[in-house]
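Could you walk me through this structure, from its overall layout down to the residues around its ligand? I would like the helices, the core and a few individual side chains explained along the way.

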Amino acid sequence: MNGLKTVVYICLLGFLASCSQQEKSCDAPPAKKAIYNPNGDSELALLMRDMFDEGMRVKEEVASGKRPLPKWDADAIFSAHATQPEKVASPEFKAYAQSFLEAAKAMEDASPEAYRQSYQGMVKTCVACHQEVCPGPIVKINKMLLDESEGL
Ligand code: HEC
């Protein structure tokens, strides 16, 4: 009987560990997410997913020496409905959103020499907001960073 209990316990631990690494929502396991968000993903989550996909495309181009501008509706970050509305209503969220928009805008004015750096700086503003309000997807967002060992 004791042996069975141990097996059940180990399975449970494994299950909990796999949950805590999920990258989809900020911190909530599916059951909790359903309370906030019964109708599927929030507008903000969809916007973020698009920004990630577009970001990875842009990264490939930047890495090969091109100067693409991301095609995304970044301003919608202020109006998109979020899974946890109280999070995006905070002054911290607004300040991080503002610095992200400025960094994205700075790419438009960056000189060819500074382009890789301006792209990298923009990605770091994604990460900065996430460190504060939504740590779950950081591992994923880090994939957008250029390899700095090759120089920026
Ligand atoms: C100002 C803060 C802020 C900035 C800047 C920001 N995010 Fe987010 N991100 C969030 C919040 C809050 C959520 C949770 C959205 C929700 O669940 O409603 C999120 C969710 C995500 C998700 C998970 C979406 C899903 O599938 O549930 C990804 C991926 C993501 N962001 C990528 C990015 C990328 C890439 C950038 C930069 C191009 C970025 N984020 C910039 C706050 C931010």
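Here is a tour that starts with the whole chain and ends at single residues.

First, a word on what you are looking at: this is a predicted model, in which local features need pLDDT of at least 70 and side-chain atom pairs count only at pLDDT 80 or more, while totals for chains, interfaces and linings use all residues. Residues are numbered from 1 along each chain as its sequence is written, and side-chain values use heavy atoms, with hydrogens and water left out.

The protein chain has seven helices and zero strands, and reads α-α-α-α-α-α-α along the sequence. Helices (H or I, at least four residues) and strands (E, at least two) are DSSP runs here, numbered from the N terminus. Of the 152 residues, 35% count as buried; buried means under 20% relative accessible area, exposed over 50%, and partly exposed in between, with a 1.4 Å probe and protein chains only. Among contacts in the chain with a separation of 6 or more, 63% join residues 24 or more positions apart, where contact means heavy atoms within 4.5 Å.

Let us begin with helix α3, residues 43–63. Its 21 residues should span 30 Å at 1.5 Å a residue, and its end C-alpha atoms are 30 Å apart, which agrees; the expected span is 1.5 Å times one less than the number of residues. Its buried residues are L44, L47, M51, F52, E54, G55, V58, K59 and V62. An α-helix has 3.6 residues a turn, so residues three or four places apart point the same way. The cover over the buried residues of α3 includes α4 (85–88), α5 (91–109), α6 (115–133) and α7 (138–141). After α3 comes G65, with a positive phi near 90°.

In the loop between α3 and α4 you will find S79. With a relative accessible area of 59%, S79 is exposed. S79 and L44 are 35 residues apart in sequence, yet their C-alpha atoms are 8.4 Å apart in space.

Helix α6 comes next. At 1.5 Å a residue its 19 residues should span 27 Å, and the 28 Å between its end C-alpha atoms agrees with that. The buried residues of α6 are Y115, S118, Y119, Q120, M122, V123, T125, C126, V127, C129, H130 and V133, and they pack against α3, α4, α5 and α7. Q120 has its place in this helix and counts as buried because its relative accessibility is 1%. A polar atom of the Q120 side chain lies 2.8 Å from the backbone nitrogen of L146. Not counting residues up to four places away in sequence, Q120 touches L145, L146, E148 and L152.

The structure holds zero disulfides, a disulfide being a pair of cysteine sulfur atoms within 2.5 Å.

Now for the core. A nonpolar core is a set of buried Ala, Val, Leu, Ile, Met, Phe, Trp, Tyr and Cys residues joined through side-chain atoms within 4.5 Å. The largest one has 34 residues, and L44, I77, F93, F100, Y119 and M122 have the most contacts inside it. The elements giving two or more residues to this core are α3, α5, α6 and α7, with the largest share, eight residues, coming from α6. Leaving aside neighbours within four places in sequence, I77 is in contact with L44, L47, M48, F93, A97 and F100.

In helix α7, look for I141, which is buried with a relative accessible area of 9%. I141 is in contact with F52, V123, C126, V127 and H130, again leaving aside neighbours within four places in sequence. The C-alpha atoms of I141 and H130 are separated by 9.2 Å, and the two are 11 residues apart along the chain.

Finally, turn to the ligand. It is surrounded by 25 residues, the closest being M48, T83, C126, C129 and H130; a residue is near a molecule or strand if one of its heavy atoms lies within 4 Å of it. The largest share of this shell, six residues, comes from α3, while α3, α5 and α6 each supply at least two. An oxygen atom of the ligand is 2.5 Å from a side-chain N or O atom of S42, and for T83 such a distance is 2.5 Å. For R49, a ligand oxygen is 2.6 Å from an N or O atom in the side chain.

Definitions and conventions
A polar contact is a pair of N or O atoms within 3.5 Å; within protein, one must be able to donate a hydrogen and the other to accept it, and residues adjacent in sequence count only if both atoms are side-chain atoms.
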